[in-house]
Amino acid sequence: MNRMMKSSMILLLLLLSMVWIVGCTEKQTPTANDNTQSQVSQDSSNKLEKVELTISAAASLTDALTEIQKSYEAAHPNIKLNFNFGASGALQQQIEQGAPADLFLSAAPKNMKALVDKALIDTNQQRTLLSNELVVIVPKEANTTLESLEDFKKEDVKKLAIGIPESVPAGNYAKEALTYAQLWEPLQAKTVQAKDVRQVLQYVETENVDAGFVYKTDALTSSKVKIAFPVDPNSYSPVQYPVGIVKSTKHSKETEAFYTYLQSKEALDVFVKYGFSIPK
């Protein structure tokens, strides 16, 4: 009897050992399905790896590009657009000094040409994208009536804001218009210079100045200002916005894709919505 019990116990232990070994083997050996799911997960992770693009763009493009950013990133979840908004002249200098940038959108052809001449942007990878116009704005509740540049001579116009002509295209266009009207020198005592066109807009919004030169698109973004009058287009150079791919980009494929998208009807419709014009 003892012998039979010992045999039964040994047999039971052997069976339990076999069950344990089989269980461990099943846990440690991945199935074909497990391998497939793992591969799919890894592929998805690779496909969604984020690529960040740095876009240096004129300050006047802020609102339109912010809207375009939302739709583009939604359609391309692996792309993150980082915008560096500022005066076109300052952005040009940053790129010349090696600051990271994949794409450049300028508010003046001369800033793009400077980078093309220095071989920092390929002439075949840049083109004119948009156009704009210069206007004079005043605070929404202003009592002063301004109808032309000559009205800046009035005594109740004490401060006039423009962008720094050397670095801000809108400021340079304003200088051209005032020079054309022979008012640049006579109005120097009233002139307040700003770092970019958005700062001019801010000065007028806060009533720190009586009037300012901005683009039509900037004027349309604010409920705190109104357009006094459009500046005669014959008195300043055409306002053109070129876009170009910076040669030093480390993400050529993704940059070219966004460069092409900016020229699409979908993107251009957004620019038109904010008051820009499309060159014919």
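Me: What does "buried" stand for in this predicted model?

Reply: A residue is buried when its relative accessible area is under 20%. The model is a predicted one. Tyr236, at 9% relative accessibility, therefore counts as buried.

Me: Where is Tyr236 placed?

Reply: Tyr236 sits in the loop between strand 9 (225-230) and strand 10 (239-246).

Me: Which residues is Tyr236 in contact with, leaving aside its neighbours within four places in sequence?

Reply: The contacts of Tyr236 are Glu133, Leu134, Tyr173, Glu176, Ala177 and Val231. Leu134 is 102 residues away from Tyr236 in sequence, yet their C-alpha atoms are 8.8 Å apart in space. The Tyr236 side chain also reaches the backbone nitrogen of Leu134, at 3.0 Å.

Me: Is Ser60 buried or exposed?

Reply: Ser60 has 4% relative accessibility and so counts as buried. Ser60 belongs to the loop between strand 1 (51-58) and helix 3 (62-75). Its side chain and that of Tyr241 are joined by a polar contact of 2.8 Å. Not counting residues up to four places away in sequence, Ser60 touches Tyr241 and also Ala107, Val197, Arg198, Tyr215, Thr217, Asp218 and Phe276.

Me: Which residues of helix 6 are buried?

Reply: An α-helix has 3.6 residues a turn, so residues three or four places apart point the same way. In helix 6 the buried residues are Pro169, Ala170, Gly171, Tyr173, Ala174, Ala177 and Leu178. Two of these, Tyr173 and Ala177, are also in contact with Tyr236.

Me: What follows helix 6?

Reply: Gln182 follows helix 6, and its phi is positive, near 60°.

Me: How are helix 4 and helix 5 arranged?

Reply: Two packed helices are described by the angle between their axes and the distance between the axes. For helix 4 (residues 88-96) and helix 5 (residues 109-117), the axes come within 9 Å and cross at roughly 10°. Angles under 35 degrees count as roughly parallel, and helix 4 and helix 5 are therefore roughly parallel to each other. Ser88, Gly89, Gln92, Ile95 and Glu96 make the contact from helix 4, and Asn111, Ala114 and Leu115 make it from helix 5. Sorted by class, this contact has three nonpolar, four polar and one charged residues.

Definitions and conventions
Residues numbered from 1 in each chain as written. Predicted model: local features only at pLDDT ≥ 70, side-chain atom pairs only at ≥ 80, totals over all residues. Heavy atoms only, no water. Buried < 20%, exposed > 50% of the residue type's maximum accessible area, 1.4 Å probe, protein only. Helix = DSSP H or I, 4+ residues; strand = E, 2+ residues; numbered from the N terminus. Axes fitted to C-alpha atoms, helices over the stretch in contact; angles between N-to-C directions. Parallel < 35°, antiparallel > 145°, perpendicular 65-115°, else oblique. Contact = heavy atoms within 4.5 Å. Nonpolar A, V, L, I, M, F, W, Y, C, P; charged D, E, K, R; others polar. Polar contact = N/O pair within 3.5 Å; in protein donor to acceptor, adjacent residues only side chain to side chain.
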